[in-house]
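The structure is shown first, and the description follows.

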Amino acid sequence: QVQLMESGGALVQPGGSLRLSCVASGNIYSIGVMKWYRQAPGKQREFVARIFRDGGTYYSDSVKGRFTIARDDAKNTGLLEMNSLEPEDAAVYSCNAMIRVSGNSDYVEHWGQGTQVTVSS
């Protein structure tokens with residue numbers, strides 16, 4: 001059983017920073033692309049950033065230059081460094097990862113439960 005667990009969400013003032021973590025646990029052979037999404041109340045889920053196994057990254061225009069996505073495959077962990085936070089960044093942030101449980105299996109998509117980020121003075 002593979003699980004993703006996010007942490008690091010908190011209340012932060014505008015202009016502040018947060019670092020989110022996403023730890024994959026269970027029977028993991030390898031992790032493919034890792035992504036972060038967010039969903040604010042009353043809004044659709046929004047793509048934030050993704051990182052491939054080779055380290056290649058891609059960001060939504062709304063966070064480019066302020067957020068940095070990273071990964072530590074030795075620890076089965078994905079990271080999202082968020083700087084210059086704005087009230088519009090407030091949302092539940094969820095990680096998403098394609099995971100293989102063996103060398104003979106396909107990548108399967110997994111989601112975490114999410115972590116709340118609140119940006120307010």
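Val108 belongs to strand β10 (residues 108-111); strands are DSSP runs of E with at least two residues, numbered from the N terminus. The model is predicted, with local features requiring pLDDT of at least 70 and side-chain atom pairs counting only at pLDDT 80 or more, whereas totals for chains, interfaces and linings use all residues. Residues are numbered from 1 along each chain as its sequence is written, and side-chain values use heavy atoms, with hydrogens and water left out.

Beyond its neighbours within four places in sequence, Val108 is in contact (heavy atoms within 4.5 Å) with Ala97, Met98 and Ile99. The C-alpha atoms of Val108 and Glu81, 27 residues apart along the chain, are separated by 25 Å.

The whole structure contains 3 aromatic pairs, meaning rings of Phe, Tyr and Trp (its six-membered ring) with centres within 6.5 Å; planes under 30 degrees apart are stacked, over 60 edge-to-face and the rest tilted. One of them joins Tyr37 and Trp111, a tilted pair because the centres are 5.1 Å apart and the planes lie at 50 degrees. Tyr37 is in strand β4 (residues 30-39) and Trp111 in strand β10, so this pair ties together parts 74 residues apart in sequence. Tyr37, Phe47, Tyr58 and Trp111 form one aromatic cluster.

Relative accessible area is classed as buried under 20%, exposed over 50% and partly exposed in between (1.4 Å probe, protein chains only).

| Residue | Relative accessible area | Class |
|---|---|---|
| Val108 | 45% | partly exposed |
| Tyr37 | 17% | buried |
| Trp111 | 31% | partly exposed |

Arg45 lies over the face of Trp111, 4.0 Å from the ring centre. The charged end of Arg45 also sits over the ring of Tyr37, at 5.7 Å from its centre; the criterion is NZ of Lys or CZ of Arg within 6 Å of the ring centre and within 35 degrees of the ring normal.

Notes: Helix = DSSP H or I, 4+ residues; strand = E, 2+ residues; numbered from the N terminus.
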